[in-house]
Amino acid sequence: MGSILRKVAFPIFLIGVAAIIVIAWVPALLYGTVDSMRDDLGRFYKWEPRGEHATLTLDNIRQYLEGSIAGQSAPAAHIRFGRSTAAACTYVLWLLQFRITRDVLAVVGVVGFVSLFAMFAIWWERKVAARMQSRLGPMRVGGWHGWAQSLADGIKLLQKEDIFIAGADPVLFRMAAYVAFIPALGLFIALPFSAAWIARDLDVGLIFILAMYGVGVLGVLIAGWASNNKWSMFGAMREACQMISYEIPLGFALLVPIMTVGTLRLTTIGDLQSGGFQTWLAFRNPFLLAAALIFFIAALASCKRAPFDLPEAESELVAGFHTEYSGFRWALFFFAEYAEMFAAGALAAILFFGAWYSPLPAAWGESWRHGPLWQQALHGVVFSGPLWLIGKGIFFVYVQMWLRWTLPRVRLDQVMYACVQVMLPLAMLVLLANTFWEWQVRDRSVLGTVANLVCTAVGAAAVLAIIGVGLYGFINRRRLVGTQVVKHLPGA
Amino acid sequence: MEENTLSSQPAAPGAIRTEEMLVNMGPQHPSTHGVLRLMLRTDGELVLETIPHIGYLHRCAEKIGENVTPVQFVPICDRLDYLAGMNNDHGYSLAVEKLCGLEVPERGHYIRVIMCELNRIASHLVSFGCYGMDIGAFTPFLYAFREREYILDLFEATCGARLTYNYLTIGGASLDLPEGFVDRLAWFLDYFEPKIDEYNNLLSYNYIFVKRTANVGVISVADAIAYGLTGPCLRGSGVKWDLRRCAPYEIYDRFEFDIPVGMPGGSNGIPPEVVVGDSWSRYYVRMLEMKQSVRILRQCLQQMPAGEFRAKVPRTLKLPAGEVYLEVEGVRGQLGFLVVGENKPIPRRVKIRGPSFCNLSIVPHVCRQVLLADVPAIVGSIDVVMGEVDR
């Protein structure tokens, strides 16, 4: 049984990865199909009633799919299905036009994505840490580089006793893990994975996400207070003062791109960066680049990641706010942490680094968007789509891990000093300077163009440097780990 | 949790009532390096007072010493400062040899110095790695353990053990060096010496690390001497005192090496924030000492003669009446052994001066009015091993 499992495990893993890609891409495609069907019906077939919330009937859809609406000529790029395929697709598409269906799918998608991502990120963090420390990390579970380690850990944590300590507050102690976890899920509601693939395209999406971050702190605070443990208490207090302080420079850094684009709607902010690498907001002028850096550092502090991981500082506070937690309740805190890490990375990507667009100008692929299915798929991979956003988010998560395993931890007074004395004035200055810049410097002027080019060059150099170092590390991966480890590498 | 017996300041009428909190740091705590228990009187993040409680690892080492022969006691010595077993064995053997008037053969001396200095490097590596962990940098810890592994491999090849060696014994060493040891050691020294600079760049000069440790837990020269600090803690305060140089024992007078001491910041590549006697200085003295140990080891390899490695020690060694007190420069400071004989194979009294015990005594003095995060930074820089404190 074990050997069979070992043989099929890796293919299952690959299928899972493929499934994630499909899950990320297909709904957007289907929603697009439904919406374009509604448009087409309205435009070509004099379909009544029109309007955004009009309900398509099953007959409408089937006839549309078969391309057989009597007396009407179908549009040129119309997809035509056979009778039986059309009948099968009809019910799916009919369901998809309803808001409630899309919401259910969105909830399933968000929960699924966050869980899968957290499991992937925990495994990956261990591998990244191991590589940096000339170790191998998990190598056993699942066969290939221990890919199923998180799965095994999750199953283990599920089986563990949910210890409830005698002096703890019975309600708050149990509640805290959910209060920490649910906002971390909730912020994905307003987080666009692409222009179409978003659960609720709020016009105050950014504020909603920040609010969810803020509520997440409450979970940590409650956990620290309810645990009836002095170390937990210390951790909770640290988290509170750190989070509240860093939200201010975070907010100021976010105001910079918001003032530039003039909207809080994340899909609009994303769409403004569709013109290729040099139109990404971070490379627009030096102040936006600075704002991107400030945002990332402040987000690091808000996500309580190293070097700002004071609330769970192991060498000082044992485990900080989650000292008394065990089993799956404990795991929920970690799920929340990794979800917030990804959200911070994705937010950085959306606001500053081209959102879900590739470095190539999206206009180049415009014709593919309305072509046959394979062209649409290729467009999603090459030019824009959820995969690009997920990729960028994962990159920023990687940067957070990289920092965590490189830097020592700062002290509380230094965290506060860095926030109030350095980050806050800097963020204010950047906001002021950017305001002035946007007011005075025209888009196509010489100064604007030069600044854009210089910032783009800096960004491109950084990207190339990271790719270069990564390649060097990958090519020499057997040498760099050190002679002790080489002896134990698989195949040695 | 303890009752708050120490009364706090009466609050002014109308003010928010605050209370001091007593917190137990240890005996089970990630950064107390074993079973040290620190009681902190805290006011928020501020630590007003630190009271160390010891005795959680008491194993009656001295009492055992009064019941077994010196050769039997050597394995117990390994377990005093379990990170530097060789140095403990060495100190005890020297004391017994002085009492009995035994002469160690030439090669035996060199083997002893090689083992002691290797173990000093291994122990300082642990100290360096754990100190990084105390400050929150996890990665240097594993690098330190990677290098330590080479040394432990050498020890394993020599005596079969990796932690409690029972190798240096009365009259010399219990075995000769294994075949190929000299080559392996020479390779290791060439490999290891540049790594020290690498780790200095990785951790010692790291901005955050310096900010966390420089000017934290400053111990003045007067305090250091008054509290009986020895080893890197004393030298970190700028006192050039090393028994290997100041009161040479064994054959340390034959080697050239420097005594690193804490230096003020701003010169010699030392960060400007550093003050003599702070945590960073104590930590950095260890880094420099590793280099000096490498120097000593190189000279050892050049000078080491062939021949006998152990003196002819009678099967039942009778300890003559009289007492001997001898101190050696252990890894953490001056390690002293008092052996009292009474014409029997078993000593009448064995007393051990553990440097960690004396070094730990300064913790209440230094850990006052510091932040909570400074407590691991200070205790880590003093680098105590509880096996030696409680004995």
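A: Let us begin with a term: two residues are in contact if their C-beta atoms, placed from the backbone, lie within 7 Å. This is a predicted model, in which local features need pLDDT of at least 70 and side-chain atom pairs count only at pLDDT 80 or more, while totals for chains, interfaces and linings use all residues. Residues are numbered from 1 along each chain as its sequence is written, and chains are lettered from A and ligands numbered from 1 in the order in which they are written.

Q: How many residues does each chain give to the contact between chain A and chain B?
A: Chain B gives 27 residues and chain A gives 25 residues.

Q: Which elements of chain B supply its side?
A: Strand 1, helix 4 (106–135), helix 5 (139–159) and helix 7 (207–213) of chain B each contribute at least two residues to the side that touches chain A. Helices (H or I, at least four residues) and strands (E, at least two) are DSSP runs, numbered from the N terminus.

Q: And what classes of residue are on that side of chain B?
A: There are 15 nonpolar, six polar and six charged residues on the side of chain B that touches chain A. Here Ala, Val, Leu, Ile, Met, Phe, Trp, Tyr, Cys and Pro count as nonpolar, Asp, Glu, Lys and Arg as charged, and the others, Gly among them, as polar.

Q: Turning to chain A, what is its secondary structure?
A: Chain A has 19 helices and zero strands. Of its 492 residues, 39% count as buried. A residue is buried if 20 or more other C-beta atoms lie within 10 Å of its own, exposed if 12 or fewer, and partly exposed in between, with the C-beta atoms placed from the backbone.

Q: How far does helix 12 of chain A reach?
A: Helix 12 (residues 327–352) of chain A has 26 residues and spans 38 Å from its first C-alpha to its last, close to the 38 Å expected at 1.5 Å a residue. The expected span is 1.5 Å times one less than the number of residues. Just after helix 12 of chain A, Gly354(A) has a positive phi of about 75 degrees.

Q: Why is helix 12 of chain A largely enclosed?
A: In helix 12 of chain A, 22 of the 26 residues are buried, so the helix is largely enclosed by the rest of the structure.

Q: What is in the largest nonpolar core?
A: The largest nonpolar core holds 203 residues, and those with the most contacts inside it are Ala180(A), Ala253(A), Phe295(A), Ala298(A), Ala343(A) and Ala348(A). Its largest share, 18 residues, comes from helix 12 of chain A. A nonpolar core is a set of buried Ala, Val, Leu, Ile, Met, Phe, Trp, Tyr and Cys residues joined through C-beta atoms within 7 Å.

Q: What does Ala348(A) touch?
A: Leaving aside neighbours within four places in sequence, Ala348(A) is in contact with Ala292(A), Phe295(A), Phe296(A), Ala299(A), Phe353(A) and Phe396(A). Apart from this core lies another, of 20 residues, including Cys77(B) and Leu99(B).

Q: Now the sheets. In what order do the three strands of the open sheet in chain B run?
A: The order is 6-7-8, with antiparallel pairing. Strand 6 and strand 8 of chain B are the edge strands, each pairing on one side only. Two strands pair if DSSP finds at least two bridges between them.

Q: How many bridges join these strands?
A: Eight bridges join strand 6 (residues 322–329) of chain B to strand 7 of chain B, and five join strand 7 to strand 8 of chain B. Glu323(B) has Val340(B) in strand 7 as its bridge partner, and Phe337(B) has Ile352(B) in strand 8.

Q: What lies between strand 6 and strand 7 of chain B?
A: These two strands form a hairpin with four residues between them, and Gly333(B) in the turn has a positive phi of about 145 degrees.

Q: Asn343(B) and Arg391(B): buried or exposed?
A: Asn343(B) counts as exposed, because it has 10 C-beta neighbours inside 10 Å. Arg391(B) is buried, with 24 other C-beta atoms within 10 Å. Asn343(B) is in the loop between strand 7 (334–341) and strand 8 (349–353) of chain B, whereas Arg391(B) is in the segment after helix 15 (386–390) of chain B.
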